[in-house]
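These are my notebook entries on a structure I consulted. I record what I looked up and what I found, one topic at a time.

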Amino acid sequence: MKYKWKIVLTMLVLLSAGTTGLYASDGKVVDSGATAWMLTSTALVLLMIPGLAMFYGGLVRTKNVLGTIMHSFVAMGIISVLWVILGYSMSFGSNVLGGWFGWNPDYFFLKGIDDTIMDAGIPEYVFSMFQGKFAIITPALIAGAFAERVTFKAYCFFIAIWSILVYNPLCHWVWASDGFLFNMGARGAIDFAGGTVVHISAGVSGLVAALYLGSRRGYPYQVIRPNNLVIMMLGAGLLWVGWFGFNAGSSISSGLSTAQALVATQVAAATGALAWIIIESLHQGKATALGFASGILAGLVAVTPAAGVVQPYGAMILGMLASMICYMAIQVKNRLGYDDSLDAFGIHGVGGISGALLLTFFIRPSWMQEASAAAGGSWTVWNQLGIQVIAVLIAIVYSALMTLIIIYLLNKVVRFKSNEDEEMAGLDRSYHGERGYGMLNTD
Amino acid sequence: MKLITAIIREVQLDKVREALIEAEITRITVSRVSGHGQQKLEEMYRGQIIVPDLIPKIKIEIAVNEAFVDITVDTILKSARTGGHEGKVGDGKIFITPLEECIRIRTGERGGTAI
């Protein structure tokens, strides 16, 4: 992704109304190959959201299945609209308010990019929609931390505000050409496809929200069983497939860097999944389906920031380490007893942090050479690790603080946590007036 | 020995179950059933108010010795009622039937001690 950003935003020109065909007024041509892949990637990343809905939906109790699925789906509605109105502008406009976020009047309602073709050879509409899908999935990920116990109304307000105040600024810092993390060190903080922006921010925010809101009724003494692990597995499968758009699409091209990201993604997911069931077998005696799915996600999350810079062996080690660390994180959670219901922090937060830091040790040599050249001499692994640590810390502190403030203030206006009756009756009945299934299960 | 069968609202299951456990009645069987009672459940379906034929309910079956009948019934009455202490149409029913025999499969024990 890095390779293309610098040029992405420098080229915005309002085009004359008479422009026709493939040519923009400044003569840029659509690269149909790159555009085709970016269109595909855009669709693939969108596919991850129903995938996430199925993954989370399968893990909750029967009475909450629709409410949980709606947490993902409603994000497709809310964030898509917000992204077009102001999200893209806040993320990829030029620095305002000291670089807190960006702004570009042309991006307001996307009204100024009707004819824009980017240097990468793709229409800017495609790029903005591709990025919009990342903005959708990030708040939807948070929902896993406070599953089964929040009101639908407050959730809707929360993701809208969170997207504006947390996602857009972070996205701007890390990916916009004038974002301060993008320009830190020799070649910037490495976040190829959203380790800090998507996974760390969502995971940490989820943890803060889960701690603030408190646990579900009966947790952890009462057994809370998933209603449908088959749906959960299908969801994990869709996430894996969609992740090719997420990572390989983040090259904003259709070429060598796309292929590199694609391979890293596949390898990390596979090793993550295998590592998880091996650890689980050794520790608890059985290899579970949920464990395999968790391993897939841990591997994918860890390789997300790294996909552009690691080679297959590096991706393999990242996937394996991510599963080990996330597995331990979940054991720790069980000891501490806080209710991160579907392990949004345990997988996305911890996996994202692990990936963003550990990737430093597996960067391909050519990247390091270019970094050394850019730094005017030498640029070591430790220099880069320092940058990564700073980026990760900033993402953690910023998203934790902002989430706390948002929930605290929002809670004064709209009650965030379900009351006892609503929680017992289930989200489906309380907020949607529907039932997910016929008469299959009792819990 | 008696078999107590309670038909209750789905949403009250957690409350009833927790109340029973508190009253130290822990051996229960729960199933999802549907049927007709006095209650008419209006549901919103695709923007229209409809009354489905069969209303979903929860059936709890509890086999108890005579000494536990009253406490079990009282507990269910208290916990399954909705709308304060008044109760509402649709809160359900309790049936008590004589239980001829009870046998624990593991040991072959019969009668009151097997419950």
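In which strand of chain B is B:I62 placed? I found B:I62 in strand β5, residues 55–64 of chain B. I note at the outset that the model is predicted.

**Entry on B:I62.** I then listed its contacts, leaving aside neighbours within four places in sequence: they are B:I4, B:I25, B:I28 and B:T72. I also looked up B:I21, which lies 41 residues from B:I62 along the chain; their C-alpha atoms are separated by 12 Å.

**Entry on chain B.** I recorded 2 helices and 6 strands in chain B, in the sequence order β-α-β-β-β-β-α-β. I read the span of the C-alpha trace along its principal axes as about 55 × 30 × 20 Å.

**Entry on helix α7 of chain A.** I turned to α7(A), residues 229–248, and checked its length: at 1.5 Å a residue, its 20 residues should span 28 Å, and its end C-alpha atoms are 28 Å apart, which agrees. I located a kink of about 30 degrees in α7(A), centred on A:G242. I noted that 14 of the 20 residues of α7(A) are buried, so this helix is largely enclosed by the rest of the structure.

Conventions:
Residues numbered from 1 in each chain as written. Chains lettered and ligands numbered in written order. Predicted model: local features only at pLDDT ≥ 70, side-chain atom pairs only at ≥ 80, totals over all residues. Helix = DSSP H or I, 4+ residues; strand = E, 2+ residues; numbered from the N terminus. Expected span 1.5 Å × (residues − 1). Bend = angle between axes of the 7 residues up to and from the residue. Buried ≥ 20, exposed ≤ 12 C-beta atoms within 10 Å, placed from the backbone. Contact = placed C-beta atoms within 7 Å.
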